Each structure stands twice: as C-alpha cells, then as structure tokens.
Amino acid sequence: MTFEVFAPAKINLTLHVTGQRADGYHLLDSLVVFANVGDRLWFEPGPEMSLKVSGLFAQGVPTDQRNLVWQAAELAGWTGRITLEKNLPHGAGIGGGSADAAAALTALGGGAKAATLGADVPVCMRLAPTRMRGIGDQLDAADGIPPCWAVLVWPGVGVATPDIFKHLKNKTNSQMPEVLPTFQDHTGMTEWLGGMRNDLQASCEALVPEVSQALKALAGCEGAGLARMSGSGSTCFGLFKTLSQADAAAQKIARAHPEWWVKSCVLGQVN
Ligand code: C5P
C-alpha cells in the first residue's frame with residue numbers, strides 16, 4: 001500500500017549564532033516554524049529500493065544513496081519505491097533535503113537517529129513552532145507563536161551552508177531572551193521579531209547580492225511587517241498582516257522577477 005507524506009518548508013524566524021564548538025559546528029539559538037508549502041513523498045513498500053524525483057526543483061537532485069531520503073529509509077530499515085515531488089528550492093535555507101529526510105523518518109520510523117543525517121533533521125520532524133539551540137539538538141516547543149501570513153522568495157541562486165558559516169565575521173552573538181514572549185497578535189510578534197536577527201544574513205548578502213534584492217523587494221510591499229532571510233539562505237521571507245496583502249505582494253514580486261520562486265503561504269501551520 002502506498003502512503004503519502006508532506007515535508008513542509010522550514011523557516012527560521014530568527015537565527016542567532018552564539019558560539020562555535022571545537023569540531024567546527026556552530027551553536028545556534030533559532031525560532032523555527034513550518035509552512036503550508038513543501039515537498040511531497042510517496043512510499044510503496046517492496047523488496048528493492050528506488051527513488052524517483054519529480055516537480056519544479058527535481059533537476060540536480062540525486063536519485064540514489066546520496067539523497068537524504070534514501071539514507072533515511074535505510075536508517076529506518078525500510079525498502080521500497082519512493083517518489084519525491086520537489087516543490088521547494090534546495091540550497092535555499094528552508095529545509096530542503098533535511099525536511100524530506102525528516103518526513104521519511106516520521107513515516108518509516110528511525111527518528112531516534114535523525115541527527116546523524118544532518119543538524120536540521122531533528123527540528124524538521126517537529127512541524128510545530130520550536131526553539132532550537134545547541135547545534136540543532138536542543139529543541140523546545142515555542143507555544144506563543146501564532147500562525148501568520150508570509151511570502152517566501154528564493155532569488156534563483158542557491159548557496160552552500162558551509163560557505164556562509166565560513167564567511168561569518170562574528171561567531172559569538174547574543175542569544176534570544178531566556179523566556180520567549182507569548183504573542184496575542186501579528187503586530188506584537190512582528191515588532192518583537194524585528195528586534196531579533198538572522199546572524200547569517202549579512203554573510204549571505206555579501207556572497208549573494210540577489211538576497212539583498214529579495215529583502216528589498218519584500219520590504220517594499222504594502223503591509224510587509226518584517227523581511228528577513230531564513231537559515232543560511234538564500235530564501236527570504238516577509239511577514240504580512242492579511243492573506244490579501246501577502247497574495248498581492250507575491251504577485252507584485254513574481255511579476256517584477258520572473259526568474260525568482262515566489263510563494264505566499266501560512267507559517268506556523270502546516271495544513
Ligand atoms: O549538518 P548539516 O549537514 O546540515 O550541516 C551542513 C554544514 O553546515 C556543516 O557541515 C557545517 O559546516 C555547517 N553547520 C554548522 N553549525 C550548525 C549546523 C551546520 O557549522 N549548527
């Protein structure tokens with residue numbers, strides 16, 4: 001019997017880099033939410049493992065053991081036919097292979113070993129707003145984060161996470177407050193988020209000028225409360241008060257930049 005799983009985009013509303021371990025991995029303090037847009041996976045159990053990749057961003061995605069979904073299935077001791085619909089850009093700071101691997105582990109089991117597939121895989125298994133600390137291994141529910149409208153913009157250029165960390169000038173930045181606020185509405189949350197940061201943003205902007213253009217395009221739209229980059233980039237998000245503002249912003253940006261991937265969505269609610 002075939003079963004289907006959704007692998008939502010992961011958005012870092014904040015990403016503070018607070019230190020670096022002796023092994024090179026960075027210590028983070030990040031508020032992570034999930035979107036109602038994402039990749040889709042289908043699993044059909046059988047004796048042989050195979051992986052077929054379709055969708056807008058299928059090109060360049062490995063269809064063998066190099067794919068994290070394949071590795072996740074092996075970790076779960078599962079074999080069969082996997083179909084992956086790649087709707088999200090990869091090398092984009094919104095989960096990519098980690099989100100797909102997390103969805104596979106959720107569907108097939110084996111989640112206890114999630115971190116062996118990548119630092120972001122454990123958080124991507126949660127789907128609810130989460131505060132992520134350590135190198136991605138300390139996860140706490142972030143209950144006071146209401147769903148909000150957003151526009152995601154990937155400006156057509158992928159980035160490699162290690163490159164962005166390598167170009168980071170200051171690796172010891174402040175954490176978020178120990179206790180995160182509980183927000184009643186969009187305005188309060190957007191204002192508070194404005195006082196937080198993505199410490200990887202400047203590093204990515206220096207390497208990828210399109211990120212600055214995407215942020216500027218989002219900030220210039222009516223109703224944009226906050227424009228920030230997610231993860232190590234290059235996807236940026238804007239937060240909006242209403243669905244119609246988010247839709248209008250997405251249409252405006254997509255018209256001006258047909259080479260970009262632009263999506264309006266809900267953050268903090270995956271279905
Ligand atoms: O674990 P993952 O393969 O997703 O990480 C990709 C790269 O990102 C790592 O090799 C490392 O260079 C960098 N990274 C980091 N600190 C983290 C997470 C990732 O330096 N907490």
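The centres of domain 1 and domain 2, taken over C-alpha atoms, lie 20 Å apart. Domain 1 covers 3-141 and domain 2 covers 148-267, with bounds that come from an automatic or database domain assignment. This is a predicted model, in which local features need pLDDT of at least 70 and side-chain atom pairs count only at pLDDT 80 or more, while totals for chains, interfaces and linings use all residues. Residues are numbered from 1 along each chain as its sequence is written.

Domain 1 brings 24 residues to the contact and domain 2 brings 33 residues; two residues are in contact if their C-beta atoms, placed from the backbone, lie within 7 Å. On the domain 1 side, strand E1 (3-20) and strand E2 (26-45) each supply at least two residues, and E1 gives the largest share, 11 residues. Strands (E, at least two residues) and helices (H or I, at least four) are DSSP runs, numbered from the N terminus.

Now to the ligand. Its shell includes Tyr25, His26, Asp120, Thr161 and Phe165, where near means a C-beta atom, placed from the backbone, within 6 Å. E2 and helix H4 (161-166) are the elements that give two or more, and the largest share, three residues, comes from H4.

Here are both sites by residue class. Ala, Val, Leu, Ile, Met, Phe, Trp, Tyr, Cys and Pro count as nonpolar, Asp, Glu, Lys and Arg as charged, and the others, Gly among them, as polar.

| Site | Classes |
|---|---|
| Side of domain 1 that touches domain 2 | 11 nonpolar, 11 polar and two charged residues |
| Shell around the ligand | six nonpolar, four polar and one charged residues |
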